[in-house]
Amino acid sequence: YVQSKLIEKYLGQDKGAICELPLEHAKEGKVDIDGLLAQGLSKDDFIAILHTAVRSNEYRKSWDKLPPSHLSYLQRRVDRFFYHGRIKESFNCLYRVESKNKTIKDETVTQRQEIKIANFTIRMINTLKGSEGLERQIIIKSAYGNSRPCVLSPSMMASKQQFINFLYTHGDYCFTGNDADMPDLWEFLFLTQDGSTITKIDKFGYDKEHDFWVFGHGIYKNKTLYPVDESGICYVGDEGFSLLTVEDTDLAPPVLETTAPVFDIDDVRKKMAEAFGLHNAKRIIAWIFGVYLWDKIIEEYENFPQLFYYGVFGAGKTSAAKVTMSFFGQYEEKGYSLDGSTKVGLTRIATRNSGLPFWIEEARNAAEGTVSKNSLFRSIYDRTSIAKGTKNPNEIRSTKTSANCLISGEEYPSDAATVSRCLLIHIDKQNQRKEVSKAAFDWLMNNKSMFSFFRTTSIAITKSSLYANLIPITPIVARPVSLTSSSEK
């Protein structure tokens, strides 16, 4: 196509045309004239092929049959080749090209002047598609060093001042261009990207739309871990996904252990039984593995409880919560303070997790913060939608919570609705006085960083087959069931 356009430019519009060699004669994906001659195509065959030739503009229209991402890539590359705009890139700097007509000895001469407008260049990595529209993931390059991959929002592109603020946030990057340079700059940069769109994933845990599990280190789908790259992008086949980062949420992403420990899940169960009691250990483990199947259990039993640890000060509630959360690749030393956190903040945390639990501590019956947030617990349990207003006065966004919740506090909850929605586990301080329990506590705390490996193995099994095998023991959440056979273990 490019060759044909150049021929038309220098020899005339009627001097160039394009035809395609028949792909049915391709060998190992390649078709050329020498190959066709070797296959015995005659002069008449070649004349017939030449008679299928079309003008370049008609040929370009035929690209519409290509896959959208391929078409976008091709169109941008061609437009970049013929680009004659006002922006030029040279030696890690951006220039505005101005053309002025000057009369020299009664002859008008066009002179081109290059004016430096930036001490950097921008490389667009990906176009990100999220609930708020499109964003661009970029790297800023200059002689002073390159930035990390960062996200350029539409508002930063629409305002020169916001764009300058964005640059200063990421490094020693100066933009001295004027307002008129802004659209020219984006036109130039749009031609440099490949046109593919990356889907933004706005939560960790189970993504129902794509049927995979999302963690900080990658995506699990069909028994395979697809790792995230340095720019925060994870590719599952040809489809790219942008994962949440600490910069997005200020929350540490959950990361599962991929190396098998020297012990198995039954060793963990025995230690938990020694530390918390056999009955409690069974229910805790059932809840941990039930979280992976929470939607299936809700479908079957119409509910899935939140986990509530209660007991006096020093009983070991925090240790129990740490052990429990470590199964999900979350290793925080403390949970979110119920009294100190706002309802909006906890709601946002809940919407950042799908299936995965988050930990709330310091629940107290008399505390004002606890009472005011009991409705939040109910909405999480009931999976109700939460309506939120946006900057647009006419727009409302609805978010359905799909997180699970672990709560810890010194008191047995007095709110009847909370009690009915929780699996209540009493952590008895008397266990701390037993040498066996102390040793078990120490073992659990020293090895908890490896417990998420068992989560990895459960994710590697398809959800339907795992649920089918667990149906006989799912009632353990509601009542104690003996785990004796190897299949139940």
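**Exercise 1.** Which residues make the nonpolar surface patch of about 530 Å²?

*Solution.* The model is predicted: local features need pLDDT of at least 70, side-chain atom pairs count only at pLDDT 80 or more, and totals for chains, interfaces and linings use all residues. Residues are numbered from 1 along each chain as its sequence is written, and side-chain values use heavy atoms, without hydrogens and water.

Step 1. Patch residues have over 30% relative accessible area and no salt bridge, and nonpolar side chains are joined within 5 Å. A salt bridge puts a side-chain nitrogen of Lys or Arg within 4 Å of a carboxyl oxygen of Asp or Glu. Areas are Shrake-Rupley values with a 1.4 Å probe.

Step 2. The patch consists of L6, I7, Y10, L11 and F81.

Step 3. Helix α1 (residues 2–11) supplies the largest share, four residues. Helices are DSSP runs of H or I of at least four residues, strands runs of E of at least two.

Step 4. I7 lies in helix α1 and is partly exposed, at 35% relative accessible area (between the limits for buried, under 20%, and exposed, over 50%).

**Exercise 2.** Describe the open sheet and the helix on it.

*Solution.* 

Step 1. Six strands with mixed pairing follow the order β6-β5-β4-β7-β13-β12; pairing takes at least two DSSP bridges.

Step 2. From one strand to the next, the twist averages 40°.

Step 3. β5 (residues 133–141) and β6 run antiparallel, joined by three bridges. R136 stands opposite L152 in β6.

Step 4. Helix α7 (residues 160–170) packs on the sheet and touches β4 (121–130), β5 and β6, contact being heavy atoms within 4.5 Å. The directions of α7 and β6 make about 175°; angles run from 0 to 180 degrees between N-to-C directions of axes fitted to C-alpha atoms, for helices over the stretch in contact.

Definitions and conventions:
Patch = residues over 30% accessible without salt bridge, like charges linked within 9 Å, V, L, I, M, F, W, Y side chains within 5 Å. Buried < 20%, exposed > 50% of the residue type's maximum accessible area, 1.4 Å probe, protein only.
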